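Here is a guided reading of one protein model. Please look over the sequence and the structure before going on.

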Amino acid sequence: MLILNETPSEICTAIGGRLRDLRIQRKLRQQDVADRSGIPLSTYRMMERRGAGSLENFVKVADLLNAGHAFQILFRPEDEPPSLDEVLRRQKRPSRVRHAAA
């Protein structure tokens, strides 16, 4: 079970704020993001303001803002190792075998 420190509404609002921050960092206007993502400006504004929108629209915007990797991380199967380093860490090292004295 997922334990959240914030309400779902607060999390959505925070995600919308993060979209806004990413857009501003990339020096884009709301209209630019909406046009390039293929979504209405009013929809994009609602996404930024309240974090409200379809998952498809969030994926489109995240991809445009070069943040699509966040969805890949979020929805990666649990049994899939995240990196080569993790694979190497998960490998079992051979244990030492003690031989009895002859």
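In this predicted model, the side chains of Arg23 and Glu48 meet in a salt bridge, with 2.5 Å from N to O. The pair joins distant parts of the chain: Arg23 belongs to helix H1 and Glu48 to helix H3, and the two are 25 residues apart. Arg23 counts as buried because its relative accessible area is 9%, under the limit of 20%. Glu48 is buried as well, with a relative accessible area of 7%. Side chains of opposite charge can pair when their charged atoms come close.

The structure holds three salt bridges. Another one joins the side chains of Arg29 and Asp32, at 2.9 Å from N to O. Here Arg29 is exposed, at 52% relative accessible area, whereas Asp32 counts as buried at 18%. Lys60 also forms a salt bridge, with Glu56, and the closest N and O atoms of that pair are 3.8 Å apart. Both Lys60 and Glu56 lie in helix H4, four residues apart, which is about one turn of the helix. An α-helix has 3.6 residues a turn, so residues three or four places apart point the same way. Lys60 is partly exposed, with a relative accessible area of 31%, and Glu56 is exposed, with 54%.

The chain as a whole gives the setting for these pairs. The protein chain has six helices and zero strands. Of its 102 residues, 22% count as buried. The chain exposes about 8,400 Å², and carbon and sulfur atoms supply 53% of that area. Among contacts with a separation of 6 or more, 42% come from residues 24 or more positions apart.

Helix H4 covers residues 55–64, and within this helix Asn57, Phe58, Val61 and Ala62 are buried. These residues are on the same side of H4, because they cover an arc of only 135 degrees around the axis. What do the buried residues of H4 pack against? They pack against H1, H2, helix H3 (41–50) and helix H5 (69–74). The face turned away from the buried side carries the exposed residues Leu55, Glu56 and Asp63. Just after H4, Asn66 takes a positive phi of about 60 degrees.

The largest nonpolar core has 13 residues, and those that touch the most other members are Leu19, Val33, Ile39, Tyr44, Met47, Val61 and Leu65. H1, H2, H3 and H4 each supply at least two residues of this core, and H4 gives the most, with three residues. In soluble globular proteins, nonpolar side chains tend to be buried together. Leaving aside neighbours within four places in sequence, Val61 is in contact with Leu19, Val33, Ser37, Ile39, Tyr44 and Met47.

One of those contacts of Val61 is Ser37, which is in helix H2 (residues 30–37). Is Ser37 buried or exposed? Ser37 counts as buried, because its relative accessibility is 9%. A polar atom of the Ser37 side chain lies 2.8 Å from the backbone oxygen of Val33. Not counting residues up to four places away in sequence, Ser37 touches Lys60, Val61 and Leu64.

Ala14 has its place in H1, which covers residues 8–25. At 43% relative accessibility, Ala14 counts as partly exposed. From C-alpha to C-alpha, Ala14 and Arg50 are 8.2 Å apart in space, while 36 residues separate them in sequence.

Methods:
Residues numbered from 1 in each chain as written. Predicted model: local features only at pLDDT ≥ 70, side-chain atom pairs only at ≥ 80, totals over all residues. Heavy atoms only, no water. Buried < 20%, exposed > 50% of the residue type's maximum accessible area, 1.4 Å probe, protein only. Polar contact = N/O pair within 3.5 Å; in protein donor to acceptor, adjacent residues only side chain to side chain. Contact = heavy atoms within 4.5 Å. Arc of directions from axis to C-beta. Core = buried A, V, L, I, M, F, W, Y, C linked by side-chain atoms within 4.5 Å. Areas by Shrake-Rupley, 256 points an atom, 1.4 Å probe, with all protein chains shown as cover. Salt bridge = Lys/Arg side-chain N within 4 Å of Asp/Glu carboxyl O.
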